[in-house]
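Please open the structure in a viewer and keep the selection tool at hand.

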Protein chains: 2
Amino acid sequence: MHKLVPNNSLKTACSTCNLRKLCLPVNLSHIEMERLDDLITRKGVYRHGSILYRSGDKFQALYAIRTGFFKTQILNEDGREQVTGFQMAGEIIGMDGISSDAHTCDAVALEDSEICEIPFNRLEDLGRELPPLQRHLHRILSREIVRDQNIMLLLGSMRAEERLAAFLLNLSQRFAVRGYSPTSFQLRMTRQEIGSYLGLKLETVSRALSHLQESRLINVRNRSLEILCLSGLQACMGKRVR
Amino acid sequence: MHKLVPNNSLKTACSTCNLRKLCLPVNLSHIEMERLDDLITRKGVYRHGSILYRSGDKFQALYAIRTGFFKTQILNEDGREQVTGFQMAGEIIGMDGISSDAHTCDAVALEDSEICEIPFNRLEDLGRELPPLQRHLHRILSREIVRDQNIMLLLGSMRAEERLAAFLLNLSQRFAVRGYSPTSFQLRMTRQEIGSYLGLKLETVSRALSHLQESRLINVRNRSLEILCLSGLQACMGKRVR
DNA sequence: AAATTACATTGAGCCGCGTCAATAAACTGC
DNA sequence: GCAGTTTATTGACGCGGCTCAATGTAATTT
C-alpha cells in the first residue's frame, strides 16, 4: 500500500534508490544500508534558478542530486565568474566546503531538482564504522580532483572548438551512463554558462557550435543538441595544433 | 648521542618534524602520534628531475614533501601537457590516485627532494580510530579541490599578466608561510613549465615578466625573482577588463 | 495576441597571444 | 677552460577569439 507524503524532510532509502549504482557503488549489508538511510534526508524540490548553497555558507552536508541539473560557480572579488561544473542526477556536490567549513562556490539549480542531504559529520562517523563507505567517500573526493585537473588541461591547452567537442562528449557519456541517449539531448545551460565553464565568450561558443554543425558533426538548435558523429567529435577534440 | 643512518626507509617522526604545523595540523596525543609515525617512512632523496610517480602507476601511498620542490603534470593521448601544480615542503601529493587506484599524473622533482611516504590503506585504517586524523585527510582532499577550482578561474578568466601576478603572489605567500622571504626567492621551474601551468606559451611568460619588471613591480633575472610591490601585483591581478 | 525580456546568431574589426626566428645567456660534462 | 645543450629574451607577424553591434528567436508576462 502506498500513500502520498509531503516531499520535504522525507526519509530517503538509498537501498531502493535507482541511482544507487551511480551515487553509492558500495557493497553494504542490509543493516549497514539502513544506517546510511538513517542519516540521509530528501529535501524539497529546488526550483529552476534556486540556490542550494552559496559561497560563504557554513558547510554542513554533501548533497546527492536525485533528479535535475545544477551548476557550480565561483565568483571572485573583482566580479569574475567561473562555472566550475555542471552536475546531474547521481552526482554529489558540496565537497569544496570541507576544507574550510564554508562553501567556496555557489550551487544553482538549472532545472527543477530534488536532492538528498548527507550531513557530513554523521557521514564521517559512519565511515569510521563502515570501511567500504569511508573508501567510497575518498574515491568521490579524489574523482573530483581528477575531474578538475582534466578541466585545467582543457582550459590550458585546447582551442575553442576542441573545448566544445570535449564538453559535448563529456555530456554525452554522462547521459549514456544514466540510460539516456548519448546522441540526442537538451542542453540545460545557456551559451554564456557554457562559455564560462570553457573559458570562452558566449559568441565564441555560438560560433563554434555553428561550425561543428557546418562540419556535419552535430545538429544544434537552441538547447536541443544532436550528435551526428561521435568519432568525428573525438577526432576534432584530439587534433593537436602541431 | 646521534649516529648517522642511511636515509632510505628511515622511520620518520612526525612528532618531531618541523613541518608538522603545515603538513599535519592536528591535535593528537603522544601515543596517537607514535601510531602515525609507525606508518610513515622517509624515502631516499629524489634527485632533480627524478620521478616520484607516473601516470598509470598503481596508487598505494600519499607523499608528504619534506624538503624540495615538485611539479605534477598530466599528459593526454595527443601529447598535450598540463602542469597541474607546483608543490613545496609540507604539502601532500598523490591524491589523484585514490579514485581509480592508479595515479593520473606524473610527479617530478624540480630540485633534490626528500619525501615521506604514507601508505594509504593504513592511513585510512588509522583514520577510523583517530577522528581528528580522518577529518584532516578530508580537509586536505577538499583543499586540493578548492585549489584546482581557483586555477580554473585563473585559466578561464584572466589575461596573461594577471595570471603571472596571481602565480607570483601565490608562491610568495607559500614561501612566507614557510618562513622564507615573501619578496625574494628563486623560481624552481622553467618558463615553459610556468607557461604550461598558466595556459600560456613560454614567450608570453617571458614577455609578461619583462613587462612587470618595466612596471617596477618585480625584478627578475633568470630564476631569481624579487617582488618590489606586493600591493601593485595584487592590483594588477585584480583589474577587470570591463 | 501583443509586449517584454532573455537568449542566440552572425558580422566586422581589432588586439592579445601564439608562432617563428634570431640571439644571448646560463648550465653541464669533459 | 671549452663545446654542447638547455633556457631565456626579444622582435616581426599572423590568427583565434574578444568586442561591439545588429538582428533574430524563444520564453514569459500582460
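Begin with the surface near DNA strand D, whose residues comprise six nonpolar, seven polar and eight charged. Here Ala, Val, Leu, Ile, Met, Phe, Trp, Tyr, Cys and Pro count as nonpolar, Asp, Glu, Lys and Arg as charged, and the others, Gly among them, as polar. The model is predicted: local features need pLDDT of at least 70 and side-chain atom pairs count only at pLDDT 80 or more, whereas totals for chains, interfaces and linings use all residues. For selecting, residues are numbered from 1 along each chain as its sequence is written, while chains are lettered from A and ligands numbered from 1 in the order in which they are written.

Now select R159(A), T204(A), T190(B), S206(B) and S210(B), which come nearest of the 21 residues around DNA strand D. A residue is near a strand if its C-beta atom, placed from the backbone, lies within 6 Å of it. Next, colour α7(B), which gives the most to this surface, with six residues. Helices (H or I, at least four residues) and strands (E, at least two) are DSSP runs, numbered from the N terminus.

Turn to DNA strand C. Which residues come nearest to DNA strand C? Of the 21 residues around it, they are T190(A), S206(A), S210(A), R159(B) and T204(B). The largest share of the surface near DNA strand C, six residues, comes from α7(A).

Proceed to the contact between the chains, which takes 39 residues from chain A and 39 residues from chain B. Two residues are in contact if their C-beta atoms, placed from the backbone, lie within 7 Å. On the side of chain A that touches chain B, select α4(A), the source of the largest share, 19 residues. By class, this side of chain A has twelve nonpolar, 15 polar and twelve charged residues.

Next, display helix α5 (residues 160-177) of chain A with α7(A): they pack at an angle of about 75°, with their axes 9 Å apart. Axes are lines fitted to C-alpha atoms, for helices over the stretch in contact, and angles run from 0 to 180 degrees between N-to-C directions. α5(A) and α7(A) are therefore roughly perpendicular to each other (65 to 115 degrees). Residues making the contact include A160(A), E161(A) and L164(A) of α5(A) and T204(A) and V205(A) of α7(A).

Finally, select Y63(B). Leaving aside neighbours within four places in sequence, Y63(B) is in contact with residues including L52(B), I92(B), I93(B) and I118(B).

Definitions and conventions. Parallel < 35°, antiparallel > 145°, perpendicular 65-115°, else oblique.
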